[in-house]
Amino acid sequence: MKHHYKDMPENLKGTYADYSHNFGFNWKEFVMTVPSPLMLVTTYKSNGLPNACMQSWATFTCANKGNGYYAILASVNKNGHFYKSLKETGDAVINFMAAEIFTKCMATIKNNQFEVDEIAASGLTAGKASWVNAPLVEECFMNLESKYVWEKEIAPGDDHVLLCLEIIGAHIDDEHLSDRTGENGILFNIHHQQNPELTEKTGHDWAAVLSKKIDMGEY
């Protein structure tokens with residue numbers, strides 16, 4: 001049997017799915033959970049220090065008749081260091097972390113003062129990008145050097161924007177050359193999912209990895 005949801009179920013009222021609206025989340029996200037990749041996006045602030053911003057709610061796509069590869073970040077805060085520094089430099093690096101350094105990458109959320117090297121303060125190492133003016137995180141197994149293309153408000157007047165970056169080039173370590181997925185590969189954000197037929201007062205997030213299930217064929 002399928003359940004049908006258009007308006008917030010009564011059981012979710014007063015739960016985290018309800019009051020998370022104060023933090024910019026809609027209750028539908030907790031019922032219609034769709035995981036997306038976790039990444040640490042790095043830029044240089046106007047004072048020259050590295051900025052590091054955890055991001056998710058993103059997708060990657062080809063465009064321009066196959067001549068370009070792009071990252072679409074769907075929820076970038078206009079008031080954050082990432083947005084401001086990206087608009088100043090036009091450059092960023094998208095860094096993908098394996099599970100063993102996830103905690104350090106998450107620590108950048110707290111080490112986000114303007115006067116702080118947000119990469120070093122979180123126990124990570126900043127490296128020099130090859131093609132853009134932005135730092136990369138050495139401990140991350142894949143770094144995508146990127147340039148700003150465009151942005152758009154999903155809802156007029158919103159404080160977050162949908163943002164497009166063109167991926168110029170990549171750095172990938174030996175271990176992940178053959179496979180960027182699996183147990184030690186790209187992590188996915190499972191933003192707290194709730195059973196709308198039950199009452200759960202708290203929120204809970206998970207980071208997940210992919211498991212290959214169906215061989216879609218070689219080509």
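**Entry 1: the largest pocket**

I looked up the largest pocket in this predicted model, and its volume came out at about 1,200 Å³. I then asked what lines the pocket: 35 residues do, and Phe25, Met54, Gln55, Trp57 and Ser75 lie nearest its centre. Next I listed the elements that give two or more residues to this lining: strands E3 (50–55), E5 (68–77) and E12, plus helices H3 (81–89) and H4 (102–107). Strand E3 has the largest share, with 5 residues. Sorted by class, the lining has 16 nonpolar, 15 polar and 4 charged residues.

**Entry 2**

I checked how E12 pairs with E11 (residues 188–190): the two are antiparallel over 3 bridges.

**Entry 3: stepping back to the chain**

I counted 4 helices and 12 strands in the chain. Its radius of gyration is 18 Å, close to the 17 Å from the globule rule for 219 residues, so the chain is as compact as a globular protein of that length. I also noted the box that the C-alpha atoms fill, roughly 50 × 45 × 35 Å along the principal axes.

How much of the chain is buried? I found that buried residues make up 38% of the 219. Last, I looked at contacts with a separation of 6 or more: 61% of them are between residues 24 or more positions apart.

Definitions and conventions
Residues numbered from 1 in each chain as written. Predicted model: local features only at pLDDT ≥ 70, side-chain atom pairs only at ≥ 80, totals over all residues. Heavy atoms only, no water. Pairing = 2+ DSSP bridges. 1 Å grid on protein atoms, 1.4 Å probe; cavity = no way out; pocket = protein on both sides within 12 Å on 5 of 7 lines; lining within 4 Å. Points joined across faces, edges and corners; volume = space filled by probe spheres on them. Nonpolar A, V, L, I, M, F, W, Y, C, P; charged D, E, K, R; others polar. Rg over C-alpha atoms; globule rule 2.2 N^0.38 Å. Buried < 20%, exposed > 50% of the residue type's maximum accessible area, 1.4 Å probe, protein only. Contact = heavy atoms within 4.5 Å.
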